[in-house]
Amino acid sequence: MKHLYYGAAYYDEYMPCERLAKDVEMLKKAGMNVVRIAESTWSTWEPQNGVFDFTHLDRVLDAMEEAGIDVIVGTPTYAFPTWLAKEHPDILGVTKRGKELYGRRQNMDITNASYRFYGERVIRKLMERTALRKCVIGYQLDNETKHYDAANESVQQLFVKHLKQEFVTCEAMNQAFGLDYWSNRINAWEDFPDVRGTINGSLAAEFEKFQRGLVTEFLAWQAKIVREYLRDDQFITHNFDFEWHGYSYGIQPDVNHFDAAGCLDIAGCDIYHPTQDDLTGKEIAMGGDLMRALKGGNYFILETEAQGFPMWTPYDGQLRLQAFSHLGSGANMVEYWHWHSIHNSMETYWRGVLSHDFAENATYREAMTIGAEMKALSSNLVNLKKQNRVAIVVSNESLTALKYFPIDVRNPDALSYNDVMRWCYDALYELNVEVDFLFPQQMEALNRYDVVVVPALYSAPESMLQALADYAKRGGELVVTFKSGYTDEYVKVYHDTQPHILCEALGIEYNQFTYPNKVYLNGETLPHSAVEGWMELVTPKGADVLASYDHYNWKRYAAITEHAYGSGMATYLACKCSKEALREVFVRILKRAGLYGPQQEIALPVKVKQGINEAGHRVAFYYNYSEQPQTVPALFGGTELTQKQSVAEQEQLTLEPWNFRIVEEA
Amino acid sequence: MKHLYYGAAYYDEYMPCERLAKDVEMLKKAGMNVVRIAESTWSTWEPQNGVFDFTHLDRVLDAMEEAGIDVIVGTPTYAFPTWLAKEHPDILGVTKRGKELYGRRQNMDITNASYRFYGERVIRKLMERTALRKCVIGYQLDNETKHYDAANESVQQLFVKHLKQEFVTCEAMNQAFGLDYWSNRINAWEDFPDVRGTINGSLAAEFEKFQRGLVTEFLAWQAKIVREYLRDDQFITHNFDFEWHGYSYGIQPDVNHFDAAGCLDIAGCDIYHPTQDDLTGKEIAMGGDLMRALKGGNYFILETEAQGFPMWTPYDGQLRLQAFSHLGSGANMVEYWHWHSIHNSMETYWRGVLSHDFAENATYREAMTIGAEMKALSSNLVNLKKQNRVAIVVSNESLTALKYFPIDVRNPDALSYNDVMRWCYDALYELNVEVDFLFPQQMEALNRYDVVVVPALYSAPESMLQALADYAKRGGELVVTFKSGYTDEYVKVYHDTQPHILCEALGIEYNQFTYPNKVYLNGETLPHSAVEGWMELVTPKGADVLASYDHYNWKRYAAITEHAYGSGMATYLACKCSKEALREVFVRILKRAGLYGPQQEIALPVKVKQGINEAGHRVAFYYNYSEQPQTVPALFGGTELTQKQSVAEQEQLTLEPWNFRIVEEA
Amino acid sequence: MKHLYYGAAYYDEYMPCERLAKDVEMLKKAGMNVVRIAESTWSTWEPQNGVFDFTHLDRVLDAMEEAGIDVIVGTPTYAFPTWLAKEHPDILGVTKRGKELYGRRQNMDITNASYRFYGERVIRKLMERTALRKCVIGYQLDNETKHYDAANESVQQLFVKHLKQEFVTCEAMNQAFGLDYWSNRINAWEDFPDVRGTINGSLAAEFEKFQRGLVTEFLAWQAKIVREYLRDDQFITHNFDFEWHGYSYGIQPDVNHFDAAGCLDIAGCDIYHPTQDDLTGKEIAMGGDLMRALKGGNYFILETEAQGFPMWTPYDGQLRLQAFSHLGSGANMVEYWHWHSIHNSMETYWRGVLSHDFAENATYREAMTIGAEMKALSSNLVNLKKQNRVAIVVSNESLTALKYFPIDVRNPDALSYNDVMRWCYDALYELNVEVDFLFPQQMEALNRYDVVVVPALYSAPESMLQALADYAKRGGELVVTFKSGYTDEYVKVYHDTQPHILCEALGIEYNQFTYPNKVYLNGETLPHSAVEGWMELVTPKGADVLASYDHYNWKRYAAITEHAYGSGMATYLACKCSKEALREVFVRILKRAGLYGPQQEIALPVKVKQGINEAGHRVAFYYNYSEQPQTVPALFGGTELTQKQSVAEQEQLTLEPWNFRIVEEA
């Protein structure tokens, strides 16, 4: 990107009154230089089959172009028109809950031929009309695309074909999935039962993997169409989202982000997060770190909250803090969803920059300061590069497998894959360690890191486990948690000693496990604290025991171990220990890896991020996620950008409540 | 009415053995002078299509007539026979949950033509047989009629026709409902999707309003048939019920009581309420106050609990206290559901006056005292009139709108419309202020009141908001809570300053809001107490601030304001404050309105109600809703009716546990 | 049986690699002498319609026979193949939730003719192949058979025919079920509505009784086929299970165990129970006591947990303690489900003796000690007979009736039939009183007991109530709890004084009841403790009051009474009192019955069981269900079998944590 982008989604279609000229004026006043338009408004442009009316689109493009505001155009396919539902009801998805009714968005079978036919036609019309417009800098494919659990008969047909290709024979599939169990064997392809009924977690997980593949294929199909029209100076992006726990929580179960991003030029996403007293910056950082993994660099925040839900109304300073938190993670764009609060329907209380009255409000006034500051600092902060030394390996396959084989069988939601991932991520975040994420497709990149953390890698092929072991052998610091290396790529449990290939690297083995009940960690260097959620009964086979279990019956087993392996070290966390204990484990590893420095002495609510800007200068961001003023020593000297003051190394920086400072090295 | 009625629902059809003569004897002994029969026993009278057998009906009428007990006859349509379900399965409702199975009552599409045809036939047979019977004093149409969520295809056809009439063009509807959002536009009437799937709250609310209209139409249709046979001295009533929270809680979402009562002569209802330690009289008063609004005066309690559910087994004295609580609110009839406890099926543990053994039990023995007392005091208490100075405005439209746009998006049930209504109602009840209710159809009646309270009027046309503002201007005390005046009659948010038309009268404005988290009320005259559930960030524009928010980031906003407007005052409650704080706000307003008197110094568990009897005398009821004796000064002198003693003004009345005194002014 | 059996379920079909020889070696090493095979693997043996392949079966039988390990063969019908589902989709059950999808086991309509046809064919093939094999000692019919809620149209047809036979006329049925209520009358059989929709608890309960009858008929049908092939030295058994609360909790709602066992030679069951800190032996004892009732003696544990779920990983000693707990209750076989942990599908974490790695683990090592010990003590412990003096009467009909008429209408799961049964059972267990169970079919056996406890016998014909009253009259100690004798066999409430026929024997009556709210027990000899869940307002009519209610309004009613009746005594528990109070009531009764001895002075965690072995010697088991060592005086002298030491009466036996001692009288 040439500069930073700041803006909002803009829907002329949804306005209860004429607003365009006034809105453009207010956008400009707020320093906004980009709007995202058009996704999800198909029924406005094509009110009847083959009848097109691009009035709204044209007038917005005209107005933005005249005002010098850039535009990202979205393809409209994630919500389809009523006439199309009436003409082709087969487009509606069939899920475990039955046949979808028309109404909500994302209710379709994305493989449906009618949907594809009409979708392609409207995309082509859109491209013809917009690709040559000067203000259009790029396109967003669809929006938050997923498979929507659609298991229509035709989808299941495709799935069986996929399995035939994967396994060739039913017997191979039966063996891989263990279908003998409960008489579920499929001895002829035509006997394949409705997959929605299966109780076989391997089959179910394979179906979800296949469904994620449909998302990848769908976006690639759209990208191919869009590229036929795309100018060289225009990009294709997509708005990915994350597992939703009322906010962006972890990796997305229904999309393989890495694969799906293959057809894009730039990764984009939406990040929604708690605010007010619960604003920590964690989700902002995690989402950004995940996005950087997709296309190897900077990314767009295509949506984030301005006011958002009622509980997210920002305190003074928070909106600005959030925007610069995104920039510190490597975002080149911060766009709000959305410009104005909508006056009807589902998301009336998902509020935009403006409230329902369109007037300047506290949020808009803060946006004005952000816009001005982003413009002023654009050249210092755009295209920021990271040089992280620590990586976390994430796996869609493990997430799905642990959905079907939950860690806590008594309460499947008690300890999910993303919970384990966040347990690791958050501990590193609180230690002011910045991380990259690695997907299973990126095992060749392991060597770029000094420390690699592997949470709950429950399902993985042997090749991946071997790559991780090799990483340690070659000198890496490998950290593996419980529930890793347990099953293969078909979620069949490895039938030798656990954790299978990792045993040698970790210097341990186990074949029993339980849920802790009044069990505590017993280790010289670690805090005595409760073990919760899961514990494996590990026997060291060469590893040193950092902690064992404080419990009369389990005391002979190891809880946390470390093992010198080849030139490296392999640490195993056999249980979910307290965050305090985990922190100490990470401190030990970071020190060993030479990564423990002054930055790690800084504790939340102060958070530090670093990068290298286009000028090749180091830039450090010091954030205060609290309502109290904080001070922090500058990690290096240079110019403090928000105040344009010179700062010496170690000089105490004052951070006002919900505020930040940025230092660029000279 | 000529006198008070006391009785029970009586089902000869349900008896496990011959009971009629014995029951009549026991009814008489208990002083009961009315029974309600026949609703819901269609399958007994018409065992097969066109075969009628009124044996049970005839013998009950014969026996009651001979005993001098009056009878209310119910039309039987709220449960239909098995043969009819088998012949016309299309009668069964289709809801969001799918097609109903036969079994429970209230499972039909009340617009279904087959249901109407057979329903009309059985009603005519019933009328022919009973209208001329001397003992029959009136008819109840159906029972607790609602629309039962039926969205059968034919119902949806009617709905589309309703929309065509309302909006004429699709475009007008799209605009009113904001259907552009998520591509939901309907560009041709024949594209109308199954309304059960909609995510558009405006469309969904309009459908519910339409469904409530079906109830009004259904009852009017029955009334028209019944009136063809009705004697001049007979009445038509209906048994309305309330929103159910395990007991009668608030206004009924599925019926527009005011409209539906149009075809009736007298309003009737059932009120079920907690008892034992939780008996407060609140639901008895609230239900009665709502009923008085429907036909402008007295009403029937057609059902209330005798023993009811196991947790409602009354303590000694409670049954009598309850009966006279109804009379103090203006009821002319108290009927139990039901005479005897049923020996089979769904409501075996919804017990009547008699237990399963038909013997005299503690409840029956208390009923005997009630019957005797009601007879003795009938001329003093019948047709009691109220002269309340305070009214509460209630709105089905706002209730429904807040169902689709819940105040608390995190937990839709946390703060419902009826919760806000009850927050206001209960505070006034505890202040011993008696109220009338006003429906939106009654805005011309505002001037009859000194104080008008408007809870959460979320959806209202401009004309209604203007009427409320005008009321204050003309000298009224208008009290408006948060979430009022926010959307129009189609649940479209007003797109100017909130709360729209009310801004001027209230002297405030706001465009942001949030959920309170450790926020307290800060006001000189109000208790420092927590704000919970909702808070608007109000800026006074002429109003005085009674309380602001005690919170570091929200302290600049107003929480409770009052504003001199025209000749009146307008108070705004921008948040849900504690009941103690709300009480103080009401005290302030009542004092200003000259309505704060000795009655307000009396606190629950003592409750006072007043009325004017047929002789034109004031009558005051002093109730003790507690297990401890209480004393209370008489508000005026006269005759204490239960003891036939003379009482002087200010004389201390002793109230025994769960007991009451009634003073009639000389 | 000639000796004790110890073993596991073994599935060659499920192996991820060749294991047979190694497993046989390990089985032998663990002292296991029996495996159960073949149930639920139909799809492996008949991969296509009419194509049979018994490779797995043959090789396992060969290997076991050679190793001298006996085999129980299961018929495979509780899970059916994919090809059969595809050819005959009508086999899948239709329940209240709709049509089943293929996938899970136990998803069929067990009356379906196609299912029966193919089921019979595969059973015959199996019998032909296995009946003459030396190692096959017996057969298990199906597995945990139930009706699976199937209400397919054909099932409902059979039900209507059943009703015609039961009632002859609709009128009789209407009367019995009270169908007049809510117009549910059925005036012609062809009007019979879909029973899934009924809200009539009598009809619904009758349907469940009918469905339980289908299970009895299904097992009898299989037994008849199997017996055509059965050798004289082979047995037929079945694996019954219990109501499931995450573990085996109480009597099975969906099977009439007593009736269903009619076709068996030996009763069998699975018992799963909490372990680790929650191991009390209660479920082991309760399940065994229930099994002994079915065929009048010893029984098989066909499944119990080895490692089981993660929370069940046994502490050291627990597996052995559990095995001998079964033996002390009269089991002749202890088999684990299952040998090895499965590597795929639904029950991957329901772990067997071996973990997923097939290696020797802590559990296996403990199994080895058990196997050796069971072999050594087989002649001392096999065919142990009980001589219990106390019986508990259990009733499927009452359980089902209380499902439709829950004791707590506010929370139907708060106090179920099995909760009341366990309240009694557990109190006796903790008093070290061993009990037998009696089913309603066994009322002639009442006289064999000194004390008979009748929990919540809510639905019973008059003949059964009379039998219980007569038992007391003849000298028995009858103990009846609340909610007994209230309804007849059609769940119609008896319409005279409650508890109907029992009034005379108990010397009490009541017609009102409520839920206790701050109510305590008031009795001289009983602890002052809370009444919870249910209380009847009892008036003594001859009975003595052991406790009344401590509550200002209920104090005049009795809570616990006892009544001398004929030569016996009848005790009534009108409320759910604390377990401490219940214990005192039982102590009083036991003392009166001469059954209170030294054994009752021993308290949990020490548990004592006794029996008579084949040599006619008394055998006492002393179990320590705790992690602390315990001592207990020997109730009689003899040989301590685990240590082969002589023990004198009253000599203190030391019980190590989770350990036991067994003394055989000389």
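Residues are numbered from 1 along each chain as its sequence is written, chains are lettered from A and ligands numbered from 1 in the order in which they are written. The model is predicted, so local features need pLDDT of at least 70 and side-chain atom pairs pLDDT 80 or more, while totals for chains, interfaces and linings use all residues; side-chain values use heavy atoms, with hydrogens and water left out.

## Symmetry

Two copies of a chain are related by a rotation about an axis and a shift along it. Here chain A superposes on chain B by a rotation of 120° with 0.0 Å of shift along the axis, at RMSD 0.0 Å. That is the relation of a three-fold axis.

Contact means heavy atoms within 4.5 Å. Buried area is the accessible area (1.4 Å probe) that two parts lose on being put together, summed over both. A polar contact is a pair of N or O atoms within 3.5 Å; within protein, one must be able to donate a hydrogen and the other to accept it, and residues adjacent in sequence count only if both atoms are side-chain atoms.

| Pair | Residues in contact | Buried area | Carbon and sulfur share | Residue pairs in polar contact (both at pLDDT 80 or more) |
|---|---|---|---|---|
| Chain A and chain B | 54 residues of chain A, 54 residues of chain B | about 4,400 Å² | 52% | 34 residue pairs |
| Chain A and chain C | 54 residues of chain A, 54 residues of chain C | about 4,400 Å² | 52% | 34 residue pairs |

Start with the side of chain A that touches chain B. A:Asn344, A:Ser345 and A:Tyr349 lose the most area to chain B, together 15% of what that side buries. Helices (H or I, at least four residues) and strands (E, at least two) are DSSP runs, numbered from the N terminus. α2 (42–45), α4 (82–87) and α12 (362–381) of chain A each supply at least two residues of this side. By class, this side has 25 nonpolar, 18 polar and eleven charged residues. Ala, Val, Leu, Ile, Met, Phe, Trp, Tyr, Cys and Pro count as nonpolar, Asp, Glu, Lys and Arg as charged, and the others, Gly among them, as polar.

Now the side of chain A that touches chain C. A:Tyr181, A:Trp182 and A:His495 lose the most area to chain C, together 18% of what that side buries. α7 (170–177), α8 (201–227) and β18 (513–514) of chain A each supply at least two residues. The largest share, three residues, comes from α7(A). The classes are 24 nonpolar, 19 polar and eleven charged residues.

## Salt bridges

A salt bridge is a side-chain nitrogen of Lys or Arg within 4 Å of a carboxyl oxygen of Asp or Glu. One is found across the interface of chain A and chain B. There, B:Arg556 meets A:Asp316 at 3.2 Å, N to O. One is also found across the interface of chain A and chain C. In that case A:Arg556 pairs with C:Asp316, the closest N and O atoms being 3.1 Å apart.

Buried means under 20% relative accessible area, exposed over 50%, partly exposed in between (1.4 Å probe, protein chains only).

B:Tyr486 sits in the loop between β16 (477–481) and α16 (502–506) of chain B. B:Tyr486 is buried, at 3% relative accessible area. The side chains of B:Tyr486 and A:His356 make a polar contact at 2.7 Å.

B:Gln234 lies in the loop between α8 (201–227) and β7 (235–240) of chain B. Its relative accessibility is 5%, so B:Gln234 counts as buried. The side chain of B:Gln234 reaches the backbone oxygen of B:Val136 at 2.9 Å. A polar atom of that side chain also lies 2.9 Å from the backbone nitrogen of B:Arg231. B:Gln234 and B:Leu179 are 55 residues apart in sequence and 49 Å apart in space, C-alpha to C-alpha.

C:Ser248 belongs to strand β9 (residues 248–250) of chain C. C:Ser248 is buried, with a relative accessible area of 1%. Leaving aside neighbours within four places in sequence, the contacts of C:Ser248 include C:Phe242, C:Asp270, C:Tyr272 and C:Arg422.

How values were computed. Copies are superposed by least squares on the C-alpha atoms of residues with pLDDT of at least 70 in both.
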